[in-house]
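Let's take a walk through this one together, going from a single side chain out to the cores and the aromatic rings. Have the viewer open as you read.

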Amino acid sequence: MSYKNYPMVARIVFGRGSFNQLEELLEPKRSHIDAPFIFIVDSVFKGNAWLTGRIPLKYDDKIIYASADEEPKTSQIDELVEQIILDTKQKPSGIIGIGGGTILDIAKAVSIMIKNPGSSSEYQGWDLVKNPSIYHVGIPTISGTGAEVSRTTVLTGPKLKLGINSDYTPFDQVVLDPELTKGVPKDQWFYTGMDCYIHCIESLNGTFLNAFSQSYGEKALELCKAIFVEDKYTTEEAQDQLMMASWHGGMSIAYSQVGVAHAMSYGLGYLLGTKHGIGNCIVFNHLEEFYPEGVALFKQMKEKHNITLPQGICNGLSDSDFDTMINVALSLEPLWENALGKNWKKTITREKLKGLYKKM
């Protein structure tokens, strides 16, 4: 038996106000005054001095604002990398992502591609990256995606929506400051929190489950229930606990995998541009056959928080459109194997997937 030797985030700072320590964390990593730190920041924070005013810019350091309105694309990563290489005198000292899962994935992908030739689309898949990424830091401003701890950066490419799954993807440093999650709109808070919840359900019900994944998944699920079902915490406590649920939910799939909801939501994301959190919710809402208890509790949480999911997003799609989504979903073979075992192809047919998509 051969076991995968997974990397983890090397250093973590947790605590309210810990964002203020960013300068002392970064400065020892500066390789040269002409080798800047590049801060990739969610454009929603442009003009928000409370956050951007605390970014410790020195020398040639730069802030690049990136929109999280769409899922990250390989073409976007390639353009950012080219821009950074052309604009800097020396290879950057590091890439710092500040935002939600989309921005964190952009930062991870850029840090990889600065050291690897070609297009980022060439590295979509498992263990295709040859050269270590440059130093990179993740600072989440919303909780649930697990992007701050995962070994993947999910990108929409010319042919597929698929992650760069690599030992060089995880951040070297993460700053977990729950204060940064204040002001997240309620719907977004729910959708992203449910991404964490769905990580837990898919991991804990998967055929890849082991004690490592189970320990993280069970803790994340316990926290999700306390936050979204039981209302056990004050607002500040809930921010702290959801940040830790996100971390544990991301870790729960390190030695495991996600499942049906993620595979099918990748299809929605690729064809329709549906964002990851809400896409997972739209799909999961119809997966009683695979996760009966998990879906029942999800619907209870949805009702408790007065969340109405978009309906009929697949209305009017052509057979070719459905084929495109099905092709993307079926390409994620490890997810299906985790959900249903090695013989998953006997039960997951194109017709079955088309029927599920038509319900959405």
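**Starting from one threonine**

The backbone oxygen of Ile84 is 2.7 Å from a polar atom in the side chain of Thr88. Keep in mind that this is a predicted model. The Thr88 side chain also has a polar atom 3.3 Å from the backbone oxygen of Gln90. Where are we in the fold? Thr88 belongs to the loop that runs between helix H3 (74-87) and strand S4 (94-99). With 13% relative accessibility, Thr88 counts as buried, because the cut-off for that label is under 20%. Setting aside neighbours within four places in sequence, Thr88 is in contact with Pro36 and Ile38.

Now for the nonpolar cores. The largest one has 58 residues, and the members touching the most others are Tyr197, Phe284, Leu287, Trp336 and Tyr357. Which element gives this core its largest share? That's helix H5 (residues 186-204), with 9 residues.

On to the rings. The whole structure has 11 aromatic pairs. One of them is Trp189 with Phe228, a tilted pair at 4.7 Å centre to centre and 40° between the planes. Since Trp189 sits in helix H5 and Phe228 in helix H6 (residues 211-228), this pair ties together parts that are 39 residues apart in sequence. The two partners are worth checking for accessibility: Trp189 is partly exposed at 25% relative accessible area, while Phe228, at 0%, is buried. Both belong to one aromatic cluster that also takes in Phe190, Tyr191, Tyr197, Phe284, Tyr291 and Phe298.

Trp50 is a ring with charges to look at. The charged end of Arg54 sits over the Trp50 ring, 4.7 Å from its centre, and the charged end of Lys182 sits over the Trp50 ring too, 4.1 Å from the centre.

Last stop, the cysteines. How many disulfides does the structure hold? The count is 0. Cys196 is in none, and its nearest cysteine sulfur, on Cys224, is 3.8 Å away; that pair doesn't qualify because the sulfurs would have to be within 2.5 Å. For Cys281, also in no disulfide, the nearest cysteine sulfur is again that of Cys224, 11 Å away. Cys196 is buried at 0% relative accessibility, and Cys281 is buried at 0% as well.

Conventions. Residues numbered from 1 in each chain as written. Predicted model: local features only at pLDDT ≥ 70, side-chain atom pairs only at ≥ 80, totals over all residues. Heavy atoms only, no water. Buried < 20%, exposed > 50% of the residue type's maximum accessible area, 1.4 Å probe, protein only. Core = buried A, V, L, I, M, F, W, Y, C linked by side-chain atoms within 4.5 Å. Helix = DSSP H or I, 4+ residues; strand = E, 2+ residues; numbered from the N terminus. Polar contact = N/O pair within 3.5 Å; in protein donor to acceptor, adjacent residues only side chain to side chain. Contact = heavy atoms within 4.5 Å. Phe/Tyr/Trp six-rings, centres within 6.5 Å; stacked < 30°, edge-to-face > 60°. Lys NZ or Arg CZ within 6 Å of the ring centre and 35° of its normal.
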